Amino acid sequence: LQSRLLCLHRVLRKQWYQRRVRGKPIGMCCIAPVIAARIIPGVEVTVGSDVEGTEKWPYAGTAGAINTMGGKHVVTDVSQAHVDSNNKVVTTAAYMCETGLHEIHDGIGEMVSEVLKLAK
């Protein structure tokens, strides 16, 4: 799994595939959704905005990298999480956004809640 954009350690790949085989959900925030995009073709993830050049979303270019790697970036607000039910992946932007901690907390809280729902 090497590309010019991301190289994943073999232990991480093994753990990821074991999780998928067992049908376990996973929550990922901040830059971590890029890993899901690299491993699962067509996975839907979010890192927040895809509009580059704003002070609020300084890392919005990451959305383009996700799409380049075969994932599908979904635009969300920092206080929201996105659920890809087919792949049991829940993501939120977290610190990809320059905002108050309370908004980041809300998004991470929603991510955790959605992961727990998928775990049932």
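**Exercise 1.** How many bridges join β4 to strand β5, and which way do the two strands run?

*Solution.* Start with the ground rules. This is a predicted model, where local features need pLDDT of at least 70, side-chain atom pairs count only at pLDDT 80 or more, and totals for chains, interfaces and linings use all residues. Residues are numbered from 1 along each chain as its sequence is written, and side-chain values use heavy atoms, without hydrogens and water.

Now the strands (DSSP E runs of at least two residues, numbered from the N terminus). β4 and β5 (residues 89–92) share 4 bridges and run antiparallel. Two strands pair if DSSP finds at least two bridges between them. Val 83 stands opposite Val 90 in β5.

**Exercise 2.** Which strands are the edge strands of the sheet?

*Solution.* Take the order: β1-β5-β4, an open sheet of 3 strands with mixed pairing. β1 (26–29) and β4 (81–84) each pair on one side only, so they are the edges.

**Exercise 3.** Is Ala 94 buried or exposed?

*Solution.* Buried means under 20% relative accessible area, exposed over 50%, partly exposed in between (1.4 Å probe, protein chains only). Ala 94 has 1%, so Ala 94 is buried. Ala 94 lies in the loop between β5 and α4. Its phi is positive, near 50°.
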